[in-house]
Amino acid sequence: MTRLADEGLIPHRGKGGRAVYWLYLVPGLVLLTLIVLVPLVWNVLLTFTEWRGIRPPEFIGLENWIELAGDTTFWASFRNSVAMIIAMVIVPTLLGLVLAAMLFDLVGKKFGGRLASFMRATYYLPQVLPVVVAGIVIGWILRPENGALNTILTDLGLGALAHNWLGSPDTALLSIMVVLVWVQIGYPVVIFMAALQRVDPELYEAAELDGANWFQRFRAITVSVIRPEIFVVTLTCTIAAMKVFGPIFVLTRGGPGDSTMVPSYYAYSEFFQSQQVGYGATIATALTIVICVLVVLFIRAQNAVEKRERSGL
Amino acid sequence: MSALTNAPAGAVPTGEPAPKRRNRRRRRPADWVILALAIVFGVLIAFPFLLIVINSFKSPADYATGGPLALPTELYFDGLVNFWERVNFPEKLWNSIYTSGLVALFAVVISVLNAFAIGIGRVRGRTWIIVLFLLANMLPQEALLYPLYYMFKEVGLYNTTWAIIIIFTVIQSAFGTYLLASVYGTFPKEVLEAAALDGANRWQILWRVVVPISRPTLSVLLIFFFIWTWNEFLIPLTFLVSNDNQTVPVAISVLQGDRLMDVTTTSASALLGVIPTLIFFFIFQRTLTRGITAGAVK
């Protein structure tokens, strides 16, 4: 019986056995090796070389890594990644929790499910756009001379507030963050609303009778029931936040100065503008390592929380 | 917490209409305030779309006098037409449809083959294979970018849509494999056994039993792969340098900041980028919202 549990789901007679299934994996694994694994390893090897893309790469040991450690642009790019995480993970998750609970508990129950799903679709709308197009839409509103936002401000007599939003170091990063919050907000709302259907209404009624207010019920019941979804949302959004490229490319190109530089745009510009392939590869590898570490930390944190929950019961 | 959960459910007063109905009738002023907040927030999210729609049909002069909030005094299509002709929009649209369509199709086929071996065949070491595929999906594309650029240049596929099709078939099928393998892992065993008893071999079981039964999941994957590939930017930007094979997002973004683009033409360019994805959204709205939640729970 124990051996059987490790068998394939289709019973078989005669020749072959489970090993034959490897044939089905051949195309997938060959493609994966060619398109992902080989380039990945190659890219790591490139970090130990100086290469301008024409003559053969030259081995220079750890020089790129040493240069990276002292590169202020590189560190600025990771500081800006923290801003991306605030804009794509923290704000959307918190706001998403509140909005999902509002739509599900209140709008859905007291004003009808159709209104709630219409609102949900509205919140989700920016999510379907290509991120670059979302960047272009908001970038259009923030145009310096005759942009919509500045024109509206002037018309309201607040002309003093008009500003070169994307062109000044003090507001460029903030403007990018606004784009990302706008793009991202629908995703947690949709996921959390689906998760809320698992919350047992009797639990809520009971808590209400015990005198728990809305916020107490929300914290004690809702958040603990939908915790798996909160983990999934924060994990996937954190990975996405570390990879932000499109909005930076269309809106600021990392500028002014380094104020909106992010690791992926920095790597791109080293590859294709400065032609410093080895250095670009080093930035990309550093980004990959950071993402892997974040994923491992996340999964460990999730397991720890689950364990604590189980022993707590 | 335990005090809350231990409260007897029987304490709910009986002999009254079901709680849901009761709530529905009793809308307190506070409820209206919260509803208003939710609506205001929705309007805020939709506002950029509205601005783009209004201003794409104005002449630059009309924009200068009326401002961004006024409705156009007369419908002006020059901005839209200029941009449409300048980027040869039908060609870009076709490039996007064709690359995203082929990627979606190929990636689903590869995902099915992989997931059949992992989920139903339960090959040895399957956990590690799944980790490998997951890694492929999680990696930043920057880490593959230059080697891929070099490789595709060497084999002569650089600056062709085939480069995009091959790369994204692999990246999307990595996610598909992960998702489908767990779906196939719980495939009803009796169905497979019955098919085997009828004399079907594995290949026949895959295409005549497993694929038809999992068709709903496969169609969700197909739609997702299509839209994800449509929205991709970094790799298409790097690989599609000549005008005639660019995709919609790339073609629109490379013209931003161009001197010939006045205010309303830029707005029109954004509108042209928005429209196709909005069409997908309205067609696939249900599948999309159901699909992302299915993906998340796993």
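Predicted model: local features only at pLDDT ≥ 70, side-chain atom pairs only at ≥ 80, totals over all residues.
A cavity is taken here as a set of grid points where a 1.4 Å probe fits but cannot get out. The lining of the largest cavity is made up of B:Ser96, B:Thr99, B:Ser100, B:Ile164, B:Thr229, B:Trp230, B:Glu232, B:Pro236 and B:Thr247. Two elements of chain B, H6 and helix H12 (215–231), each give two or more residues to this lining, and H6(B) gives the most, with three residues.

Most residues other than glycine have a negative phi. B:Asn88, however, has a positive phi of about 50 degrees although it is not a glycine, and this residue lies in the loop between helix H5 (78–86) and helix H6 (89–120) of chain B. With a relative accessible area of 36%, B:Asn88 is partly exposed. In chain A, a positive phi of about 50 degrees is likewise found at A:Arg253, which is not a glycine. The position of A:Arg253 is in the loop between helix H13 (246–251) and helix H14 (263–272) of chain A, and its relative accessibility of 44% places A:Arg253 in the partly exposed class.

Helix H14 of chain A in turn holds A:Glu270, a residue that is buried and yet has no salt bridge. The nearest side chain of opposite charge belongs to A:Arg52, at a distance of 7.9 Å, whereas a salt bridge would require a side-chain nitrogen of Lys or Arg within 4 Å of a carboxyl oxygen of Asp or Glu. When residues up to four places away in sequence are not counted, A:Glu270 touches A:Gln275, A:Gln276, A:Val277, A:Tyr279, A:Gly280 and A:Ile283.

The cysteines were considered next. A search of the whole structure finds zero disulfides over all chains. For A:Cys237, the closest cysteine sulfur is that of A:Cys292, and because the two sulfur atoms are 18 Å apart, they are too far from each other for a bond; the cut-off applied to a disulfide is a pair of sulfur atoms within 2.5 Å. A:Cys292 is accordingly in no disulfide, with the sulfur of A:Cys237 as its nearest cysteine sulfur.

Definitions and conventions:
Residues numbered from 1 in each chain as written. Chains lettered and ligands numbered in written order. Heavy atoms only, no water. Helix = DSSP H or I, 4+ residues; strand = E, 2+ residues; numbered from the N terminus. Buried < 20%, exposed > 50% of the residue type's maximum accessible area, 1.4 Å probe, protein only. Lys, Arg positive; Asp, Glu negative; His and termini not counted. Contact = heavy atoms within 4.5 Å. 1 Å grid on protein atoms, 1.4 Å probe; cavity = no way out; pocket = protein on both sides within 12 Å on 5 of 7 lines; lining within 4 Å.
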